[in-house]
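Hello,

Here is the structure I promised to pass on to you. Please open it alongside this message, and my notes follow below.

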Amino acid sequence: MLESVKNFVNVRNLWIRYKVPKQWRFGYLDVDVIRGVSFSIDHGECYGLVGESGSGKTTILKAFMRLVKPYRGSIYVDGVDIFENDKKGREIVRRIGYVPQDPLTSVDPRMRVKDIVSEPLIALNVDRERALEKVVTLLELTGLDVEIMNKHPFELSGGMVQRVIIARSIISNPKIVLLDEPTSALDVITQAQILNLLKDLRDMMGFTYILVTHDLNVAKYISSRIGVLLKGYLIEEGDVKRIINEPLHPYTRIIVDAFRLRDVGELTYTTGARCPLSAACKYREDICRREMPPPIYLDGNMVRCWYFKK
Ligand SMILES: Nc1ncnc2c1ncn2[C@@H]1O[C@H](COP(=O)(O)OP(=O)(O)OP(=O)(O)O)[C@@H](O)[C@H]1O
Ligand SMILES: [Mg+2]
């Protein structure tokens, strides 16, 4: 398949809800955790998804893996709707690389490195001998000693485990690799080594990355554009340098201030169809307490704040 470079990935008006048990009563409640999210990514680009805990970052990645299904909207990869259950959709999803949050808990501790790394190929019915050859290549490519093939994850350092997981995520030659907080469990030096490895791999193999992080430093290091998630809404999107230097949305300003270690107070969020920041925002107008604004586009940037709807 020949990839189109522009808008290789297209997320269109994605809405995802979970069923959560009602408090004090029997039954379940539908709670929207992704609310009308749209973004697109060019082939070979790294798109950063930034937001605090519970904002919905992992849920978006799970949608790419078809582990959760949106009740509205869709995800297109190279023009194919991945939720259409045809051969093309299935094939694309099977070949998406995934580096899950919490690497150690995502692998079976009884498995050896060679079995962990080769797992996606075995699932694609590649024979074991060829899969093991590929494991050797991938271990070398990710800077690991081939000798560790027969070790268990608990015999490795955190940085080595993360390299093993990265090797596994790219062994089936994916077009897209989803990175869920790939460095959050690591010290600063190992973080930098892993981010450099991810950069090198992208340059060599032309991967398209979606990088989920709560750390603007990590996003800045590797992403060209970022989207900011607040309670399931994508509230701002733009060039990473512009976002850090001139954030538009009041919430983005808050996280940029936190990143620069300036004083950030407690935030109270509102629920419902209004802006989640409407109780805490010093720029709020009456309308902010009633409705969430639509995406507003300003010179290649997107922001969802009534302040800019002039
Ligand atoms: N299986 C589930 N059932 C019900 N609610 C869920 C489920 N998974 C996640 N949630 C809720 O959905 C919201 C978004 O969760 P998600 O894991 O996507 O957040 P996140 O941004 O990845 O957070 P973190 O930075 O802590 O990993 C949270 O409020 C979470 O409690
Ligand atoms: Mg998460």
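Starting with ligand 1, its shell has 3 nonpolar, 9 polar and 1 charged residues. In that count, Ala, Val, Leu, Ile, Met, Phe, Trp, Tyr, Cys and Pro are nonpolar, Asp, Glu, Lys and Arg are charged, and the others, Gly among them, are polar.

Before going further, a word on the source: this is a predicted model, where local features need pLDDT of at least 70 and side-chain atom pairs count only at pLDDT 80 or more, while totals for chains, interfaces and linings use all residues. Residues are numbered from 1 along each chain as its sequence is written, and chains are lettered from A and ligands numbered from 1 in the order in which they are written.

Back to the ligand. Of the 13 residues around ligand 1, those that come nearest are Tyr18, Ser53, Lys57, Thr58 and Thr59; a residue counts as near if its C-beta atom, placed from the backbone, lies within 6 Å of the molecule. Strand 1 (9–21) and helix 1 (57–64) each supply at least two residues of this shell, and helix 1 gives the most, with 3 residues. Helices (H or I, at least four residues) and strands (E, at least two) are DSSP runs, numbered from the N terminus.

Strand 1 also pairs with strand 4 (residues 72–77), in the antiparallel sense over 5 bridges; two strands pair if DSSP finds at least two bridges between them. In this pairing Asn10 stands opposite Tyr76. Tyr76 in turn stands opposite Asp81 in strand 5, and strands 4 and 5 (residues 80–81 for the latter) are antiparallel with 2 bridges. These two strands form a hairpin with 2 residues between them, and Asp78 in the turn has a positive phi of about 50°.

Now to strand 7 (residues 176–180). How many of its residues are buried? The count is 5 of 5, where buried means that 20 or more other C-beta atoms lie within 10 Å of a residue's own, all placed from the backbone. Ile176, Leu178 and Asp180 point one way, and Val177 and Leu179 the other. In a regular strand the side chains alternate between the two faces of the sheet.

Strand 7 runs parallel to strand 6 (residues 97–99), joined by 3 bridges, with Val177 as the partner of Gly97. Strand 7 also pairs in the parallel sense with strand 8 (residues 208–213) over 5 bridges, and there Leu179 is partnered by Leu211.

Best wishes

Conventions:
Buried ≥ 20, exposed ≤ 12 C-beta atoms within 10 Å, placed from the backbone.
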